[in-house]
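Please keep the sequence and the 3D view at hand while reading.

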Amino acid sequence: MTETESPEAASPPDKLWALATWLLGHAGVDARRFVAQSFGNSTGRTDFAVLAGLAQYGAINQAALGRRLGINLGDLVAVLNRLEMQGAIVRKKDQVDRRRNTVEITPAGRVTLSALEAAATAAQDELLEPLSPSERHQLVALLQRLVEHHRDYRRAGDGTTPAGERP
């Protein structure tokens, strides 16, 4: 038996098992791996966030979309350029302020969003496989509380997704 196959190699001390930070770090590594495998490319996660935001918020100016999603405006412009070339979004001059662009999801973008959502769901299901539906719900609710507490993020609260449920 090699050292990596021995029980000692996969037996972190109890003090680590008691640390939420250590556990979240390891779960995060696994989550990123499952997401990468599920999306199959490096842009799927960001495309999903942008398209999900546009589907929920409707037509919105680029700067407001970036703020709501927590995406740097320069990075967002690159994502929007790519999505526009794919026909997933359209940009129009803002009717109130012609210096701004309003962004909106297209029917093709909704199809893309549906495929990306299926990929996200597959990653979620793989990560959360050992948990029951109620445990999954509880975990998501607790993680939402942590994110809301430590970041300046808030749920949109439009009533389409009850608190604690995955949008």
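Does Arg-67 count as buried or exposed? Arg-67 counts as exposed, because its relative accessibility is 61%; the term exposed applies over 50% relative accessible area, buried applies under 20%, and partly exposed lies in between (1.4 Å probe, protein chains only).

## Basis of the description

This is a predicted model, in which local features need pLDDT of at least 70 and side-chain atom pairs count only at pLDDT 80 or more, while totals for chains, interfaces and linings use all residues. Residues are numbered from 1 along each chain as its sequence is written, and side-chain values use heavy atoms, with hydrogens and water left out.

## Overall composition

The chain contains seven helices and three strands. Helices (H or I, at least four residues) and strands (E, at least two) are DSSP runs, numbered from the N terminus. In sequence order, the pattern is α-α-α-β-α-α-β-β-α-α.

Of the 167 residues in the chain, 25% are buried. Among contacts (heavy atoms within 4.5 Å) between residues at least 6 apart in sequence, 47% join residues at least 24 apart.

## The sheet

The three strands form an open sheet in the order S1-S3-S2, with antiparallel pairing. Strand S1 (60–61) and strand S2 (89–93) are at the edges; each has a single partner strand, so one side of each lacks a neighbour in the sheet. Two strands are taken to pair if DSSP finds at least two bridges between them. Strands of a sheet pair through backbone hydrogen bonds, either parallel or antiparallel.

Strand S3 (residues 101–105) is joined to S2 by five bridges. Within this pairing, Lys-92 has Thr-102 as its bridge partner, and Arg-91 has Val-103. S1 and S3 are also antiparallel, paired over two bridges, and here Ile-60 stands opposite Val-103. Helix H5 (residues 73–85) lies across S2 and S3 and runs at about 115 degrees to S2. For such angles, axes are lines fitted to C-alpha atoms, for helices over the stretch in contact, and values run from 0 to 180 degrees between N-to-C directions.

What does the side chain of Asn-61 reach? It reaches the backbone nitrogen of Ala-63 at 3.0 Å. This is a polar contact, defined as a pair of N or O atoms within 3.5 Å; within protein, one must be able to donate a hydrogen and the other to accept it, and residues adjacent in sequence count only if both atoms are side-chain atoms.

Asn-61 belongs to strand S1 and counts as buried, because its relative accessibility is 13%. Not counting residues up to four places away in sequence, Asn-61 touches Asp-94, Arg-100, Asn-101 and Thr-102.

## The nonpolar core

A nonpolar core is a set of buried Ala, Val, Leu, Ile, Met, Phe, Trp, Tyr and Cys residues joined through side-chain atoms within 4.5 Å. The largest such core has 23 residues, and those with the most contacts inside it are Val-50, Leu-51, Leu-54, Leu-65, Leu-80, Leu-83 and Ile-89. At least two core residues come from each of helix H2 (20–39), helix H3 (44–57), helix H4 (62–69), H5, S3 and helix H6 (107–127). H6 gives the most, with five residues.

Leu-65 lies in helix H4 and counts as buried, because its relative accessibility is 0%. Apart from neighbours within four places in sequence, Leu-65 is in contact with Val-50, Gly-53, Leu-54, Tyr-57, Ile-60, Leu-76 and Leu-80. The C-alpha atoms of Leu-65 and Val-103 are separated by 8.4 Å, although these residues are 38 residues apart along the chain.

## Arg-67 and Tyr-153

Arg-67 is also found in helix H4. Its C-alpha is 9.8 Å from that of Tyr-153, a residue 86 residues apart from Arg-67 in sequence.

Tyr-153 lies in the segment after helix H7 (133–150). With a relative accessible area of 35%, Tyr-153 is partly exposed. Leaving out residues up to four places away in sequence, Tyr-153 touches Leu-69, Gly-70, Val-147 and Glu-148.
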